Amino acid sequence: MDRRSFLGAIGAAGLTTASAPLRQSFAATAAGPSGRVNRVAVIGAGIVGASIAYNLSRRGCEVILIDKRGPAAQASGNSFAWINATYFDMPPSYYSLRVHSQNEYHRLSREVDFPIHWGGSLEWYHSAEREKEVAEGVRRIQQLGDPTWMIDESRVAGIEPNLNLNGDRQVAYCSSDGAVDPGATTMALVEKVNDYGGSTVFPARVTGIDQHSGKIRIDTDIEPFEVDLAVVAAGASANEIASMIGLGTDLVKPATPGIIVTTRPMERIINMISYTTDTHFHQLPDGRVVLGEKAGPPLTEQHLTYLTERPNAYPTAELAMQHATQIIAMASRYVPQFLGAEVDKVGVGWRPLPLDALPIVGHVPGMPGVYLASMHSGVTLAPIIGHLAAMEILDGTRVDLLSDFRVERFLR
Ligand SMILES: Cc1cc2nc3c(=O)[nH]c(=O)nc-3n(C[C@H](O)[C@H](O)[C@H](O)COP(=O)(O)OP(=O)(O)OC[C@H]3O[C@@H](n4cnc5c(N)ncnc54)[C@H](O)[C@@H]3O)c2cc1C
């Protein structure tokens, strides 16, 4: 999603089918936020599902984590993974949720071992008009109390000496941002679920959800599972699950792709996340540099058709390397030391983006046995969503912080 234009579950075989909506039958079930939830299936082992599964497990809930591929196999494995609250034109409630999640990362990283780096971020553009927009955006988030301000080139040279802005630029500096390795973070959370005695079932594709004797039955292409509640954290596949449970509306837009390149470890060159007109990059604690693109290289229609069918595989190794070289060349205009970097991985991530770009979190009205969690910025938001979802599921609390993000807004 462009940072500058932010505002711009499920029948047992033989019992029900995807075309037989289940809303009425769910309305009668007692399973759900009543304090009687002991066994939960989490559908989707991306960073959001893994965080919810972890938070439920650490509170003593029996968790079954199911994924049709495996941990971080979709968006979470190919994400830029910048932890930030600094979209400049977002509603205050969304800003607040993001700040809570940044704080939650500090707690989570004391409990779970994963690669995280807090260096702050720099954002700038090569046009006077956009520079002005950024300055205005900074003023708006300063009103919300965000630790972001504008700095000039000489100040940038002092704090990020290897960065060449290619001109005397005004730059938005945010001191509270960080970045993670999203694949490793997801895996670390999944391992904790196993440590707490949870089950992880990969690969298993969920094909249906049904109410059965006051329980929720989840059908997969391997075996069925009976639980008290199902959490749907299926990322860009949220519409598929929504139609399985007869929700009657899409939840997310068609996913858009983004290329992410990861280099082999290098000496520490940069400390911050940099985000500019054509590219963005940061360096992980182990020295690997992560780069994303804003202005190419292009994925053709042919590539996209290929990738839609095989979301994990780049069309060819040659094309992957060609794209990686182009992205590294773009970024080396800002950090010359990137030239000659060895490529470790090139991936295409598909962004899950709710219809109005805001997260979708909470119980489904009339279906107390189903809890939804689908969002962009899921890497930023995973810690707080995991923590709050566990409270809503296990304690029956309705968390005010989530009130602007309920699925009801699409059902009116
Ligand atoms: C290129 C790119 C850059 C990004 N940059 C950032 C960033 O800088 N900061 C940030 O915060 N966010 C960023 N995002 C967004 C962020 O990565 C996503 O919001 C986040 O990864 C979503 O996590 P998730 O767990 O909801 O979804 P996913 O990681 O997509 O996981 C969903 C899982 O559900 C499984 N699944 C789906 N259907 C079924 C089924 N029927 N049965 C079983 N399993 C199923 C899938 O296999 C998948 O593993 C970026 C995304 C991309 C693609």
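Which domains does the domain assignment of the chain give? The assignment, whose bounds come from an automatic or database source, gives domain 1 (23–76 + 183–252 + 356–411), domain 2 (121–175) and domain 3 (256–351). This is a predicted model, in which local features need pLDDT of at least 70 and side-chain atom pairs count only at pLDDT 80 or more, while totals for chains, interfaces and linings use all residues. Residues are numbered from 1 along each chain as its sequence is written.

The centres of domain 2 and domain 3, taken over C-alpha atoms, are separated by 23 Å. Eleven residues from domain 2 and 13 residues from domain 3 take part in the contact, for which C-beta atoms, placed from the backbone, must lie within 7 Å.

Domain 1 and domain 3 both give residues to the shell around the ligand, so the ligand lies between them. Of the 42 residues around the ligand (C-beta atom, placed from the backbone, within 6 Å), G46, G235, G258, G349 and G378 come nearest. The elements that give two or more residues to this shell are α2 (47–58), β14 (256–263), β18 (343–351) and α10 (378–395), where helices (H or I, at least four residues) and strands (E, at least two) are DSSP runs, numbered from the N terminus.

Three strands form an open, antiparallel sheet in the order β10-β11-β12, with pairing taken to require at least two DSSP bridges between two strands. Because β10 (206–212) and β12 (225–227) each have a single partner strand, one side of each is left without a neighbour in the sheet. Six bridges join β10 to β11 (residues 215–220), and K215 in β11 is the bridge partner of H212.

Terms used. Two residues are in contact if their C-beta atoms, placed from the backbone, lie within 7 Å.
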